[in-house]
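The sequence and the coordinates are shown below.

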Amino acid sequence: MMMATTTTAPVIDRVLALVARQLRHPDQHSRLAADAALEGDLRIDAIDRLCISCAVEEEWRIDLTDHEIEAWHCVADIARSIERRGAS
């Protein structure tokens, strides 16, 4: 069961921008939503997920587990992973 936690605006904004860049649509950042489903709405595949996770680890200087990455269902889940590690 996923814990419902609120993400802070600066983190979610940075994650939205990062996801847009990784999907090669940096100009679409403002059109992405925190609740956008990674596989459904954004059509992210395993390679995209890997690229996003590597970019997150690099930008926030954190190490994510495979379990955390596999648990991402929407953009907000990515932000929650970052915040749980105390990064911002």
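Among contacts in the protein chain with a separation of 6 or more, 55% are between residues 24 or more positions apart. The model behind this value is predicted. The protein chain has 4 helices and 0 strands, and read along the sequence the pattern is α-α-α-α. Of the 88 residues in the protein chain, 41% are buried.

Helix α1, residues 9-22, packs against helix α4, residues 75-84, at an angle of about 125°, and the two axes are 9 Å apart. Because angles over 145 degrees count as roughly antiparallel and those from 65 to 115 as roughly perpendicular, α1 is oblique to α4. The crossing of α1 and α4 is right-handed. On the α1 side, the contact is made by V11, I12, V15, L16 and V19; on the α4 side, by V75, A76, I78, A79, I82 and E83. By class, the residues of this contact are 10 nonpolar, no polar and 1 charged.

In soluble globular proteins, nonpolar side chains tend to be buried together. The largest nonpolar core here has 28 residues, and the members that touch the most others are V15, V19, L42, V56, I78 and I82. Two or more residues of this core come from each of α1, α2 and α4. The largest contribution is that of α1, with 7 residues.

Most residues other than glycine have a negative phi. R43, which is not a glycine, has a positive phi of about 55°. R43 is in the loop between α1 and α2, the latter spanning 46-60. With a relative accessibility of 69%, R43 is exposed, because the cut-off for that class is over 50%.

R61 likewise is not a glycine and has a positive phi of about 55°. R61 lies in the loop between α2 and α3, where α3 covers residues 66-70. The relative accessible area of R61 is 78%, so R61 counts as exposed.

Conventions:
Residues numbered from 1 in each chain as written. Predicted model: local features only at pLDDT ≥ 70, side-chain atom pairs only at ≥ 80, totals over all residues. Heavy atoms only, no water. Axes fitted to C-alpha atoms, helices over the stretch in contact; angles between N-to-C directions. Parallel < 35°, antiparallel > 145°, perpendicular 65-115°, else oblique. Left-handed = near helix turned anticlockwise from the far one by under 90°. Contact = heavy atoms within 4.5 Å. Nonpolar A, V, L, I, M, F, W, Y, C, P; charged D, E, K, R; others polar. Buried < 20%, exposed > 50% of the residue type's maximum accessible area, 1.4 Å probe, protein only. Core = buried A, V, L, I, M, F, W, Y, C linked by side-chain atoms within 4.5 Å.
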